[in-house]
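Student: Hi! Could we talk through the charged pairs in this one?
Tutor: Happy to, here it is.
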Amino acid sequence: MNGHSPPKPVDQREPSDCASDANAVRQVENFATPGTSTSLFKKHPLIVFFDPIEEAEFRRLLRYTHEERVNEAAFPLIHGTIDGRAVSAARLPFGDHPELLASSVRSIIKHAQPGFLVVLGSAMALDPNLAIGTVVTATRAEFQKKSVFFGTELLPTAFRSAPHDIRLLEGVCLTMPIFVNNAGEAAALRKNHPSCNILEMEDFHLGEETMRVELPMISFRAVTDRGCYADHKRVLPTAAATVVRLFRRFLRRQRQERMLAMIDNPPTIDLPFRIVVRSIPGQMRIPQAVSLARRVMRIFPLKRIMKPHDRLDLILTNDLRNPEFAAVPSGIAHVSESPGHWMFLQDAEPGYARLIIDPSFLDEDGDTLPATFEFLMAARKHPVGNLAFKPDFPPLPSARTVHIQGLNSISAEAEEGLLAGCLMEEFQENGYECLTSDQSTIWTYRTAHAASESYFVAPYPSPDHMRKVIPDSAFLIATGLGPAIEPAASGGDAAHLLMPGDEFGGRLINLLEDLSSSPFSTMDVFRHEGIALRAAADTVLISRIDRRSILTPEGLNELRFEPQTLRRIYSLDYDRFLADYFFSSRRREYPSKHSYLLLTSRGCGNRCSICCSGAYQPFTALAPERIFDLLHSIRELHALQSDEYVDVYFLDSYFNRNPQRIIALADRLERAGLRKYFEFYVRHNGLHGFLWEPGLNANNGKSIIHVDETLINAYCRLGIDEIVMGIDSFTDTSIRLLKTDINRLAREGATARPAYTFAEIVAVLTSIEAAGLKSRCFLLLNNPFVDDRDRIETFYNLLMLSLDLNGFQIDYTSSSRVNELKPFPGAPLTQIAAAVPGLIRGDRFDFSTALGKIEEVLSFELFGERRSGLTSRKRFMASARSIRARLTSFLAESFDRSPNRSPEARREVAGAVAAFLRGEEMIRPRMQKAWQEFPDVPYEEERLAKHTKHLAARLRSEIIPNASEVSNYTELFHRILKSLYMKI
């Protein structure tokens, strides 16, 4: 470049020039790599500028709080916030008085104690090829044959933050104490300083001061002229707006890199590329495009010949011979084809490939193509058309309003919906207005699960969702776990944008701003990882959705939880549902002043087979201080008096995953005297949270179960008298299948230790009752992968718990069919069941055993009532005896039909009878003791014992499976899981 060292680009292309797109494919990779400046986010930045125009532009962005005079500083120190982040700023003297400049910045740094320094200014182009408006960030400054280096720790974040329409380059600056307004002098400076790209007046002196105190520094200077003061004054307002806008993006990106982590997304691990899916002619929706891309990856071994971040264009057309399609950026490609079916072109310059497919080929079984490199061996390298990429679609209409909602869930992952309230706060901090659905054309819906129903039709009442019909003008965005678990789920059919995972830290805001600024091209979309965008009616862009972003623990704690905003997500219908759910736990006779649905943690960290999200959402939690501050703000908001209180329903998936957090919260509330203003209710607690790590008894090698009594005491101190436990199964076999880590289960099979054992359930529930608390658990029936031995064992285990613990109860009435195991879309159990033809019918499992529907005989609703009084205990005893008698008759009748059954079915019936006899033997002494409380009731247990003895005698002639023997149903589960292991 005329002897000058060229500035280093983040992207060599001008925004409207995409001819060298293969290079751009590689360079865009830098945009998504985590930076090194995230630790600096904890400290506030100091921003400096020099011209009144720059100051005015900055103040338009700043939410001003106050300013103060600083000794030796020429101008006051300004304080405020930008997008919710505290910043300090100061206008500095121009560099024509270096001593005054140095003393001013020295005093301000000493007073403000910033984490880093940001320079916003303008510059003259020394490099004649630098376009006016280009922003240069210098890493080195020269002044009078001396140099100073600024450091590079902030550069990666700066380059990743740059909007697509701001050209940002890395370079070297020359600092001079005068403004150059003479063409001859400018030419001389270019000749004498060939390594310098821009000329300015201050950065060398600022660099000396920051280096002296080891303060990181970054400079953003927009080029205004080539040595003409009139040009400089004309361009300066635009230049000031540019660097201020870039700085704002820089702050957002810093926050994003601290708050979010980009991780692999197992369900979409087969889509590591930047993919354009286009149907000519035709419509293309995001779920359809994802499914198509997956099918192509299964047929063509592209992952073996392409690298992540490469671009792949998939074109569906009946016109394979159209010369327009046979084109790549370089004009030279390796070409292979199956005439009439497909044509594959891989650019001779790595980074781009194109696959043109006849749709009918994908309708076939796909076996026509060997899963090897054979189809590439015939590739021919020859000239093809030159592909020049241009902006592919019109920009999104710019809007500063948005409608945000969480997809409500009555039971699972309810906290995911509440995070939509935090997203509202973030948008509002960034200057957006959050409105109802009928007032905004941009809709953002967080979803906790992959569903077949539309993500944009609220399934439950929602204060801000005002429409039953989605308007055609709405731009629809789905984020959260649902798109991560299954981006091909039909719930996203109407979506224009899917963002698997989390959208906080300015991630979604930056993308929306980019989408609304023109020109915007496909490669600009690909600078954003982990998204799928419907760019046109026939085109979907898939950008590395093999990855997703998740909130880090720091990120969760940095979100704003405002009570009024959280109240906009869930309607009061949900509060009324929970008030009824916890009716038996009401502790005050007079009503609460208000109620709130809150979260204190996110996810559960378990990987249960029944859950559509557990395998993908790690556990993160709010610090006790954050929970305390939120509760304190609620008290102040409602000005609670000493005799007033608020109901608080915690919607965590695993409230007690970190016991010390709960204990610390109880301590803090007690010390502050705040507990009396709240009544706390918790829907989901985990059994493991109540257990210390198990030890081994040296005498017999059995596990010793240690219950955390201090945690139970913390619940008492929080005023919680009913602990709802996330227990769904009560036999070791069912616990292993439904609740055990799916990855470990796939490796270890039927020998895997259950996530918890029935003995541990007994120990925890017994300790809870000993502390004077009640317990409520869940029960999932209709499991197609256990036999009737397990169902009978479940019944007797529950019977034992109910006889020993009067405060124990099964949730049997909170919602419709609450106890029926369902095939949740995306759950591993659903994937396993889908491999068995006919096992899933609609939204339920359809199966049968040799005994038919024995769950109907067992009548598990018996356990849906507590036995707190004499009347309820008597009713329970009578019902238990009636069910056991009915079960005895049912099994005897099944025996009568056994001779007509297959040997396998006879063995299954015999196993169920053996399980019944074991249950009766375990329960009989407890029943005898319990009946002593009711001397006025005929005993009648002898008659039941007689029938049981007769049934045992008949069993002696049968082949009985061992109690620990794995059933055929369970063996099928493990076999399918093993085959799917790499896909789950």
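Student: Which residues are linked in a network of salt bridges?
Tutor: The network joins Asp83, Arg248, Arg249, Arg252, Arg400, Glu513 and Asp514. A salt bridge here is a side-chain nitrogen of Lys or Arg within 4 Å of a carboxyl oxygen of Asp or Glu.
Student: What should I know about the model itself?
Tutor: It is a predicted model, where local features need pLDDT of at least 70 and side-chain atom pairs count only at pLDDT 80 or more, while totals for chains, interfaces and linings use all residues. Residues are numbered from 1 along each chain as its sequence is written, and side-chain values use heavy atoms, leaving out hydrogens and water.
Student: How many salt bridges does a search of the whole structure find?
Tutor: The search gives 75. One of them pairs glutamate 558 with arginine 258, at 2.3 Å from N to O. Glutamate 558 lies in helix α15 (residues 553-558) and arginine 258 in helix α7 (residues 229-259), 300 residues apart. Helices (H or I, at least four residues) and strands (E, at least two) are DSSP runs, numbered from the N terminus.
Student: And is arginine 258 buried or exposed?
Tutor: Arginine 258 is buried, at 16% relative accessibility, whereas glutamate 558 is partly exposed at 22%. Buried means under 20% relative accessible area, exposed over 50%, and partly exposed in between (1.4 Å probe, protein chains only).
Student: Switching topic, what does aspartate 546 form a salt bridge with?
Tutor: Its partner is arginine 544, with the closest N and O atoms 2.8 Å apart. Both aspartate 546 and arginine 544 are buried.
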